Amino acid sequence: MTVTAAENIQDTLYPAPIKSVEAGSAAERAGVRPGDVLLRVNGDAVTDVLAYRHALSQGAATLEIARPVQAPQVMTGVPGTAQDHHRLFLPTAPSLDETFTFTVEWEDPGLEFEEVLFDGIRKCANKCDFCYVHQMPRGFRKSLYIMDDDFRLSFLYGSFVTLTNLTETDIQRIQDENLSPLYVSVHTANQDLRQDMMKWWRLKVKDPQAVQIRSMIERLTDIDLYTQIVLVPERNDGDHLDETVEYLSSRPNVISAAVVPIGLTSHRTNLPDVRTFTREEAQDSLRRLNVWRKQFLAERGTRFVFPSDELYLLAGEPLPTEEEYEGFPMLENGVGMIRDFLTEGLPDLPEALPEPRTVILGTGSLFAESLDRAVEPLRAIQGLTLEVRGIENKTFGKVTTVAGLLTGRCFRHAITPGEAHLLIVPPTTLRYGTELMLDDTSLDELRREFRMDVRAGGATLGELARVILQGAQSSGHQWGMSAHAVKDSGQDDEPAAARIAEQGMRGQA
């Protein structure tokens, strides 16, 4: 271990705070401890955990570590004046006056970092007509308004990116480090139509070639791509949809394509006029896609293109079987979530409950009818009064019908205190690892306000039944365990970036 006085810490460095140090590791032996920061590996600045791992994979690596030294506190306010009672002691930014290095050879140093991105989230270069961020109501935490479009998070967490903000260096890095697979929002293979729908900012596009979607897909020929098409009525549907599916299916590196109907809120002031699908339009899109799916299955052994659950519900069409989802590769994009939920059926049900119990299952209006049918057998249990209640979205507006975007405000408008023993909310409304909803309402708050137990539902129908009958703990899908969770941790290029982003927005990139 070498201890040196830190030289001029250049702005090009991205100090990476260390969260923990593995016991017995090379880092612990070198004296590294939580709170230290990584500055360089082999003399080079490190932008993210992927670059860090890539540097280690080369064999011998020298890590430069800094230990922050807190500077003396600074007093504000003016003694003896009216401002005296406002005087505060504020710490100044920590300095990195001392660094040390240690070397590993084909060994994991044993470091876990606070964040996966050290240089901040890459921002979107587009102004899409259907962007969900532009439709956000005011008053939420700052992170919900961050328009992220970062290829590194696509590789790490499966978030969809448009590729329009890539530089030549980014493209080379994706290829050199084999950052595969990536998840790409294509929307349409027609270049003029894509530009009209996405409206990228010229000043934010660093490489004019990056906006050419066919060129980008073909340049990344060694990278597996999962793609998505956000479908907008009378824009990229109809014959344009056929053209896009045909092109994507012609590229050997495109693994599959998800088709997701546009998601809207009631907050579209000064935005282009777009609308949701009619039943007939949704049926036409499914008819076209089913022709392709049948052809691909016969020719390739895969259906290749996968409509989202929402498209089936809008069309009033039955969901595909479990087998037809081929392992649910894009589950978090709303492709197969309902079928996955139904896969584990109901357990053996009791004839009666020991005590009468009234339960409300709150969900989005889009899923309410399907859920009501699924839990019908539970209504035969003596003593159980069970209601599926479609909750109107009072935050984003009636046009928003998915369960994952319900907030505490929505439930407050729909539930009368004391009307049930148990309220079950969709687990997709909760931030990962917490009982917090999108608007920071906690389940504890709802329990006190509603004077009843409030729990998250299950990831499967069987688990939901156990929550209803036994008060079991949910292990259902929660939002935030993805790229958007990074925004929750302050990964922005502003020092105090706010936290949390909505998993349900993933399909609107």
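1. Is R447 buried, partly exposed or exposed? R447 counts as partly exposed, at 21% relative accessibility; buried means under 20% relative accessible area, exposed over 50%, and partly exposed in between (1.4 Å probe, protein chains only). Its side chain meets that of D453 in a salt bridge (3.6 Å, N to O), and D453 is partly exposed at 25%. A salt bridge here is a side-chain nitrogen of Lys or Arg within 4 Å of a carboxyl oxygen of Asp or Glu.

2. The model is predicted: local features need pLDDT of at least 70, side-chain atom pairs count only at pLDDT 80 or more, and totals for chains, interfaces and linings use all residues. Residues are numbered from 1 along each chain as its sequence is written, and side-chain values use heavy atoms, with hydrogens and water left out.

3. R379 forms salt bridges with D372, at 2.6 Å between the closest N and O atoms, and with E376, at 2.7 Å. R379 is partly exposed at 28%, as are D372 at 29% and E376 at 43%.

4. The count comes to 36 salt bridges.

5. Helix α7 (residues 238-250) and helix α8 (residues 279-300) pack at about 20°, with axes 10 Å apart; axes are lines fitted to C-alpha atoms over the stretch in contact, and angles run from 0 to 180 degrees between N-to-C directions. Helices are DSSP runs (H or I, at least four residues), numbered from the N terminus. The angle makes α7 roughly parallel to α8, a term for angles under 35 degrees.

Conventions: Helices (H or I, at least four residues) and strands (E, at least two) are DSSP runs, numbered from the N terminus. Angles under 35 degrees count as roughly parallel, over 145 as roughly antiparallel, 65 to 115 as roughly perpendicular and the rest as oblique.
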